[in-house]
Amino acid sequence: MSTKVNRRRVLRGMLGGAAISVGLPLLDCFLNDNGTALADGAPLPVCFGTWFAAMGYNPGFWEPTLVGSHYEMKPQLKVLDPFKDKINVFSGMQTFLDGRPLATHETGAQICTTGSIPVGQDIDVPSIDQLVADTIGSRTRFRSIEVSYEGVPSSWSRRSSSSVNASEVSPLALYQKIFGPSFVDPNSATFTPDPSVMLERSVLSTVSDQRASLVNSLGTADRARLDEYFTSLRQLEHELDVQLQKPMPMVACSKPTAPGDGPHGQAIDLVMTNGKLFTGLIAHALACGQTRVFNAVGTMGASSVHKVGSEATFHIDTHEEPVDAQLGYQPEVTWYMARFLDCFSDLLTQLNSVREGPRTLLDRTVIYCSTDHGYARLHTLTNIPLLTAGGANGKLKTGYHLTAPGDTVARVGLTVMQAIGLPLSSWGTMSNHTTKPFSELLA
Amino acid sequence: MGEQTSSAGGRGCARALCLASASVAMALACGSVQAAPPNQTSVAVASEPAGPTAATGPTQAAGPAMLRRLSPDQYRQTVADIFGSDITIGGRFAPEIRASGLLAVGAGNESITGDELEQYHAMAQTIAAQVVDQSHRGVLIPCTPEAASTADDRCAGKFLDAVGELLYRRPLTRDELQVQVGIAHAAAVQEKDFYAGLRESLAQMLVSPEFLFRWSDVNGPLGGKGYSTLDGYARAAQLSFFLWNSAPDQTLLNDARRGRLNSPRGLTREVNRMLASPRVEAGVRAFFSDMLQFSCAEDPCLDASFSKDSTIYPRFTPQVAADAQEQTLRTLVDLLLTHDGDYRDVFTTPRTFLTPDLAAVYGVPLPRTTPNGEPSKWQPYIYPAGDPRAGILSEVSFVALHSHPGVSSAVLRGRALREVILCEKVPDPPPNVSFKLVLDTTNPKYPTMRSRLDAHITNPVCAGCHRLMDPPGLAMENFNGDGSFRTRENGVLIDASGALDGKKFDGMQGLDQTVASDPAAPACLVSRLAEYALGRAPAGDEVQWVKQLKTDFIADHYRLPALLREIATSDELYRVEWKGAAVHTTVASAAK
């Protein structure tokens with residue numbers, strides 16, 4: 001096997017007469033010398049992430065008074081002040097139920113992440129991250145990665161109701177998945193395709209060949225499920241294809257130190273510790289071009305995140321803790337909210353600290369930050385706090401507070417997807433359907 | 001008979017055939033590999049449009065055919081049964097989807113995500129490497145290659161043919177076997193290792209949808225009846241996963257090949273064999289683990305979790321969490337299988353099993369060593385008369401699983417009793433409701449859970465559902481969030497009086513007796529078990545079948561083995577709705 005592979009050449013793995021052909025993505029072949037941009041001067045590709053932490057914020061304590069680019073940070077968002085020019089704050093928007101039953105903590109989050117209330121086969125839609133991954137996730141080793149800071153393998157990332165992406169709960173497991181033995185340093189001078197990977201790839205192609213005979217034998221719903229399997233198979237084949245290519249250089253890539261094999265769980269200190277580890281791994285994974293899409297969950301709705309030794313939990317406190325008459329909010333609940341804002345702030349800090357020439361990793365990323373309820377104490381579905389961070393390589397203007405009372409939250413998702421370049425003119429269903437992005441943010 | 005498949009059909013091999021060298025084809029043609037049947041008669045599956053839990057019209061004879069994903073336990077058990085229990089699986093399984101109260105029903109709505117397939121791929125590689133390694137090949141591979149450094153299609157075919165039948169739960173077609181031998185051949189040549197070839201071919205089968213999903217191959221339309229019946233191999237799988245939670249063994253597959261499972265007599269004989277096998281215990285354990293939501297002990301659910309605060313409950317260790325599930329399963333197996341007992345007694349039986357770790361939570365002195373000095377593990381234990389504990393509801397696996405991390409929850413326990421044990425549905429809470437007071441344990445005005453819930457229930461929006469959940473849940477208030485016993489909360493004597501649908505009682509013992517005498521409890525078991533077997537809610541004529549099962553369960557004195565036998569020998573378990581539109585080009589039940 002050649003130890004040096006011309007990156008413009010098509011790889012061929014000959015195996016018993018069969019050939020696997022792996023064409024290199026054209027764009028990746030035209031990088032400038034230092035890997036900070038494509039050779040034609042275009043910036044490195046856009047990345048996308050979602051950040052979700054349940055329970056929202058306290059009404060009156062996060063919405064800027066001023067609208068536009070000169071907004072002020074209210075107390076709860078003060079921690080994001082260093083990123084004021086790199087984020088957008090959206091207030092006043094809501095989720096619409098259209099008469100469908102409310103699954104508390106779920107429905108609001110589903111609408112924020114899918115623009116719809118997914119109900120079986122009637123409305124069965126992918127989440128925003130998977131829509132984005134369809135466009136930008138096909139050239140990386142991992143189409144998307146999902147992590148849960150609180151040790152619960154749930155996520156809002158889904159292709160359909162039958163195909164929900166589970167979150168990784170162990171930082172060490174995520175490290176091994178991305179930076180384990182299969183990791184290839186994109187900045188390495190030499191590259192040797194692994195014959196065993198070539199063999200695995202070729203063998204997998206024989207499973208793909210089963211598709212036609214199997215899928216045709218099924219009715220619509222089961223066919224869709226089996227199609228999802230074959231989509232996953234193509235994804236796995238693609239991961240192996242990528243391992244057979246010389247990766248494009250990534251100037252800011254460095255292999256992180258392996259995290260310890262520590263516990264995971266819902267004690268808040270543990271959540272914060274593991275969150276920091278996950279955040280670091282996400283930054284490294286993006287910087288090394290291993291994925292361009294991630295989903296990070298701080299805490300799902302109604303979770304059992306708690307302080308060690310406390311009988312109550314974050315969620316229980318939202319129901320039970322009295323509002324402090326002087327402060328005007330639930331102090332304990334607000335403390336938990338602040339911890340998850342710390343996690344979000346840390347995510348921005350880590351991405352912003354990765355310098356790629358004149359820009360940072362955060363600058364070529366968009367993070368969509370959503371939640372389940374507007375006011376945790378009453379579990380409301382109005383005035384849902386939404387944020388975006390990062391500028392999508394300048395395609396999304398940042399540093400704005402925009403308010404759209406009574407509008408669907410789907411407007412933010414549509415804006416983000418259009419900024420990334422998805423050919424979408426609308427998003428969402430029924431009352432959450434929108435054709436109105438925040439066009440003032442689209443560069 | 002169904003339609004004939006095209007020559008290019010079958011479970012495709014066009015591309016894979018390119019992998020195989022000409023010698024493979026020659027080997028097959030010359031009979032050096034046992035020829036599997038050609039891609040024979042098609043069988044039909046039409047599973048649309050009803051989903052796994054969809055109700056269907058009253059005139060429908062049967063529900064839709066199911067395409068079910070293997071559960072993690074079924075995957076593990078199948079691998080252990082075929083290759084031995086010392087084979088390490090490696091990798092991890094993603095959480096399963098629960099529908100209609102059961103993971104077994106959710107399995108009919110699950111696909112496989114990219115991350116999951118990556119895990120399956122890793123597991124396949126791990127398993128296959130062990131099967132062909134030096135320590136296993138002598139036992140698991142039925143022949144020795146002429147040379148270990150290259151391909152041997154005859155030996156490979158012998159192994160792959162046998163293993164393929166066990167993995168796919170039906171014989172491989174000739175084309176399929178050609179593909180598998182072709183893979184083994186090509187990989188062996190490349191790696192210069194016969195066993196590497198087998199490894200790759202086996203790993204391929206382990207990620208195939210033929211293995212990872214359970215298919216419902218059927219015989220074709222039955223004149224005008226609106227339904228079809230599962231073919232022999234699908235019957236074998238239906239039986240085996242229901243009763244053993246694993247793939248069919250060779251005896252079952254042989255009976256399927258001979259058509260014996262199609263006759264009532266043959267089916268009954270096989271069901272009796274399976275029920276007499278010790279493997280039925282695995283099936284019963286799997287069912288109750290599913291019904292009692294023990295998956296939430298592994299991966300926390302929103303309202304059920306073994307995530308406990310170790311500073312509040314220092315005795316609740318991961319070992320206790322594992323032992324707690326095992327205790328309940330042992331209790332159930334002992335009563336229902338070993339002693340063929342009355343299902344209603346599971347709520348009152350004083351007979352159980354304990355480990356020293358679990359006994360510490362229960363406050364029961366249990367020696368950590370046996371009289372001969374060996375470490376003590378599981379020991380039979382009988383709660384003394386008058387003990388507040390008896391039956392599975394008082395065990396840690398119920399009262400702790402349905403509690404918060406740091407405090408008990410009458411609401412979660414009451415809801416679980418209604419939904420898990422009695423098969424009732426309690427609506428989700430409405431939005432914009434304050435739950436103020438329920439857990440403000442520091443308010444001196446409301447020192448106990450009862451007083452806090454009483455205050456809470458004054459809200460008319462909440463009252464409707466909480467009057468269903470709270471009264472039975474409060475009867476379990478003598479148990480802390482970790483399942484340990486208590487008599488006081490915040491210094492105040494706990495009032496554990498409760499009620500269930502108008503029947504009043506005191507404490508866990510009263511609740512146990514009330515549930516045991518409630519017809520809804522055994523009726524719930526029957527419903528759940530039927531849905532577990534079908535993999536979906538009953539539809540059409542199956543609704544009447546479930547009613548009959550309930551009647552018969554009473555007549556059989558609530559004996560689980562009798563219920564298992566009746567379900568397993570019912571025609572309804574092997575019928576699927578016939579729509580006639582889709583044709584499944586799988587192997588049929590034709591004998592090799």
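Mentor: Start with a definition: a salt bridge is a side-chain nitrogen of Lys or Arg within 4 Å of a carboxyl oxygen of Asp or Glu. The structure holds 42 salt bridges over all chains. This is a predicted model, where local features need pLDDT of at least 70, side-chain atom pairs count only at pLDDT 80 or more, and totals for chains, interfaces and linings use all residues. Residues are numbered from 1 along each chain as its sequence is written, chains are lettered from A and ligands numbered from 1 in the order in which they are written, and side-chain values use heavy atoms, with hydrogens and water left out.

Trainee: What makes B:Arg285 and B:Glu326 a salt bridge?

Mentor: Their side chains meet at 2.7 Å, N to O. The cut-off is 4 Å, so the pair qualifies.

Trainee: Which parts does that pair tie together?

Mentor: B:Arg285 lies in helix α14 (residues 280-291) of chain B, and B:Glu326 in helix α16 (residues 318-338) of chain B, so the pair ties together parts 41 residues apart in sequence. Helices here are DSSP runs of H or I with at least four residues; strands are runs of E with at least two; both are numbered from the N terminus.

Trainee: Why is B:Glu326 called buried?

Mentor: Buried means under 20% relative accessible area, exposed over 50%, and partly exposed in between (1.4 Å probe, protein chains only). B:Glu326 has 18% relative accessibility, so the residue counts as buried.

Trainee: How do you know that B:Asp334 and B:Arg351 form a salt bridge?

Mentor: Their closest N and O atoms are 3.4 Å apart. That is within 4 Å, so the label holds. B:Asp334 lies in helix α16 of chain B and B:Arg351 in strand β5 (residues 351-354) of chain B, so parts 17 residues apart in sequence are tied together.

Trainee: Are those two residues buried or partly exposed?

Mentor: B:Asp334 is buried, at 12%. B:Arg351 is at 38%, so this residue counts as partly exposed.

Trainee: What about B:Arg418 and B:Glu424?

Mentor: They form a salt bridge, with the closest N and O atoms 2.9 Å apart. B:Arg418 is buried, with a relative accessible area of 3%. B:Glu424 counts as partly exposed at 27%.

Trainee: Which residues are linked in a network of salt bridges?

Mentor: A:Glu168, A:Lys177, B:Arg92, B:Asp115 and B:Glu118.

Trainee: What makes the link between B:Ser397 and B:Thr328 a polar contact?

Mentor: A polar contact is a pair of N or O atoms within 3.5 Å; within protein, one must be able to donate a hydrogen and the other to accept it, and residues adjacent in sequence count only if both atoms are side-chain atoms. The side chains of B:Ser397 and B:Thr328 are joined at 2.5 Å, so the distance passes. B:Ser397 lies in helix α18 (residues 396-399) of chain B. At 4% relative accessibility, B:Ser397 counts as buried.

Trainee: What else is B:Ser397 in contact with?

Mentor: Contact means heavy atoms within 4.5 Å. Leaving aside neighbours within four places in sequence, the partners of B:Ser397 include B:Phe294, B:Phe306, B:Ala324 and B:Gln325.

Trainee: How do you know that the span of helix α5 of chain B agrees with expectation?

Mentor: The expected span is 1.5 Å times one less than the number of residues. For the 18 residues of α5 (residues 114-131) of chain B, that should be 26 Å; the end C-alpha atoms are 26 Å apart, which agrees. This helix is mostly covered, with 15 of its 18 residues buried.

Trainee: Why do β5 and β13 of chain A count as edges of their sheet?

Mentor: Two strands pair if DSSP finds at least two bridges between them. Seven strands of chain A form an open sheet in the order β5-β8-β3-β11-β12-β4-β13, with mixed pairing. β5 (145-148) and β13 (400-403) each have a single partner strand, so one side of each is left without a neighbour in the sheet.

Trainee: How do you know that β11 and β12 of chain A pair?

Mentor: Strand β11 (residues 365-370) and strand β12 (residues 386-389) of chain A share three bridges in the antiparallel sense. Two are enough, so they pair.
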